[in-house]
Structures are given as structure tokens and as C-alpha cells.
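This report describes the fold of a protein chain and the side-chain contacts within it. The sequence and the structure are shown below.

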Amino acid sequence: MDEVEWLPAPLTAPRVCVRRPAHGDEAALVALFTDAEVRQFLGGPLDLDDAQRRAARIVADRAWGDFVVEARADRAVIGSRDLRRKRGPWEISYQFDRAHWGLGLASETLAVLVAWFFAATDEDLLIAVTQDANRRSARLLERAGALAAGSFRQYDAVQRQYEIRRGSLPASVDG
């Protein structure tokens, strides 16, 4: 993806802003990485030292695909993760602070990231993977227009792969 600049400008939705990580985001990232409920379906919480190292690396590297999610109301970092090639196709991953679950903020985030991805790249497929047990994430992906495309076992749990294809999204997402 060298030819595509990663988030040259923040992406905004009515209540969220998706942007590249920056200095000052470390504490919020550490809080996400160490929260057992947030990380329940993401391999579990990291210990504090590992979380601090990962947060520092994410902020310092500003790698293609890394993002944070800010609440526009108070500019607090409420989520993060990445867009990466992990299993072949490009894959979107996300995590959100528990205080912001169930408010539609993840839906807004997913909508702007997916719209940006298909507008900025020539890719026709974006995937997301979630544990079958993570019904909240599965419902989020289904509401966003993603279709279940199979399952596999990883990390001692059944994982479900969802596909989002260019041109198959609801009008509100498919810019």
C-alpha cells in the first residue's frame, strides 16, 4: 500500500474522529490493552509493561494502518486498532473503551474507515474476523453490510470471517 498515503487527514463522522496515533495517546492505548473486557475476544489483556511498550511503539512508528478513534465531544481517545494484511486480504480490527460500547460510535468508525479504504485503494475486498462468541462485534459487522464468509478455529475458539466488498455496502457507507 506504499502508493496510498495512510490517513492524510483525519476522518470524521458525526461523533467520532479517526486519525493516526500521536504523542499523548499512550495512556488511552495502555488502558485499552490492559482492560480484560475490552480484550476478552482479542487474546486477553496485556500486562502493564507489554501494554506500555506496544503503545509507545504504535505512537512512535505511526505505521500504515494504525489508527485511534477520538470522541469528537471531548477529544478523548476511545478506541484503536488497525488495517493490515494478516490472512491475505486487507483486514480491519478494532477495540473500544467499555464506556463507549452500545452508543453507535463503533458503527460510525467502521463506516468512515470502510468508505475511506474503498475510495483510497483499488482493493475490492476488506475482511474482519471476530470470535463467534463476540456477538456484539458480529452484529456491528452485519449492520455495516459485511457478510459472513466462513469460520475457522484459532486461539482455542471459533473465529468467523466477514467480508466487505466494494459496491456492496449500504449507501450510507459506500461513499
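## Basis and a buried glutamate

Two residues are said to be in contact when heavy atoms lie within 4.5 Å. The model discussed here is predicted. With residues up to four places away in sequence left out, glutamate 70 touches Arg15, Val16, Cys17, Arg19, Arg75, Ala76, Val77 and Ile78. Glutamate 70 belongs to strand 3. Its relative accessibility is 6%, and it therefore counts as buried, the cut-off being under 20%.

The side chain of glutamate 70 makes a polar contact of 2.8 Å with the side chain of arginine 19. Glutamate 70 is also part of a salt-bridge network that links Arg19, Asp25, Glu70 and Arg75.

Eight strands make up an open sheet with mixed pairing, and their order is 1-2-3-4-5-6-8-7. Strand 1 (11-12) and strand 7 (147-154) are the edge strands; each has a single partner strand, so one side of each has no neighbour in the sheet.

Strand 7 is joined to strand 8 (residues 157-165) by six bridges, and the two pair in the antiparallel sense. Within this pairing, tyrosine 162 of strand 8 is the bridge partner of alanine 148.

Strand 5 contains glutamate 91. This residue has a relative accessibility of 2% and counts as buried. Apart from neighbours within four places in sequence, the residues in contact with glutamate 91 are Asp82, Leu83, Arg84, Lys86, Leu126, Ile127, Ala128 and Val129.

## Helices across the sheet

Helix 3 (residues 105-120) lies across strand 1, strand 2 (16-19), strand 3 (66-71), strand 4 (77-85), strand 5 (90-96), strand 6 (125-131) and strand 8. The angle between helix 3 and strand 2 is about 45°.

Helix 4 (residues 135-143) lies across strand 5, strand 6 and strand 8. Helix 4 runs at about 160° to strand 6.

## Salt bridges

The count of salt bridges comes to 13. In one of them, the side chains of arginine 15 and glutamate 108 meet with an N to O distance of 2.7 Å. This pair links distant parts of the chain, 93 residues apart: arginine 15 is in the loop between strand 1 and strand 2, and glutamate 108 is in helix 3. Arginine 15 is partly exposed, at a relative accessible area of 36%, whereas glutamate 108 is buried, at 14%.

Another salt bridge, at 2.8 Å from N to O, is formed by the side chains of aspartate 35 and arginine 98. Aspartate 35 sits in the loop between helix 1 (26-34) and helix 2 (48-61), and arginine 98 in the loop between strand 5 and helix 3; the pair links distant parts of the chain, 63 residues apart. Aspartate 35 counts as buried at 13% relative accessibility, while arginine 98 is partly exposed with a relative accessible area of 37%. Arginine 166 and aspartate 124 also form a salt bridge, with the closest N and O atoms 3.1 Å apart. Arginine 166 lies in the segment after strand 8 and aspartate 124 in the loop between helix 3 and strand 6, so this bridge ties together parts that are 42 residues apart in sequence. Arginine 166 is partly exposed, with a relative accessible area of 33%, and aspartate 124 is partly exposed, with 48%.

## Aromatic pairs

Across the whole structure, a search finds six aromatic pairs. The rings of tryptophan 6 and tryptophan 64 have centres 4.8 Å apart and planes at 45°, so this pair is tilted. Tryptophan 6 is in the segment before strand 1 and tryptophan 64 in the loop between helix 2 and strand 3, so the pair ties together parts that are 58 residues apart in sequence. Tryptophan 6 is buried, with a relative accessible area of 2%.

The pair of tryptophan 64 and tryptophan 116 is tilted as well, because the ring planes stand at 45°; the ring centres are 6.2 Å apart. Tryptophan 116 lies in helix 3, and its pairing with tryptophan 64 links distant parts of the chain, 52 residues apart. Tryptophan 116 counts as buried, at 13% relative accessibility. Ring pairs link Trp6, Trp64, Trp90, Trp116, Phe117 and Phe118 into a cluster.

Definitions and conventions. Residues are numbered from 1 along each chain as its sequence is written. This is a predicted model: local features need pLDDT of at least 70, side-chain atom pairs count only at pLDDT 80 or more; totals for chains, interfaces and linings use all residues. Side-chain values use heavy atoms; hydrogens and water are left out. Two strands pair if DSSP finds at least two bridges between them. Helices (H or I, at least four residues) and strands (E, at least two) are DSSP runs, numbered from the N terminus. Axes are lines fitted to C-alpha atoms, for helices over the stretch in contact, and angles run from 0 to 180 degrees between N-to-C directions. Buried means under 20% relative accessible area, exposed over 50%, partly exposed in between (1.4 Å probe, protein chains only). A polar contact is a pair of N or O atoms within 3.5 Å; within protein, one must be able to donate a hydrogen and the other to accept it, and residues adjacent in sequence count only if both atoms are side-chain atoms. A salt bridge is a side-chain nitrogen of Lys or Arg within 4 Å of a carboxyl oxygen of Asp or Glu. Rings of Phe, Tyr and Trp (its six-membered ring) pair if their centres lie within 6.5 Å; planes under 30 degrees apart count as stacked, over 60 as edge-to-face and the rest as tilted.
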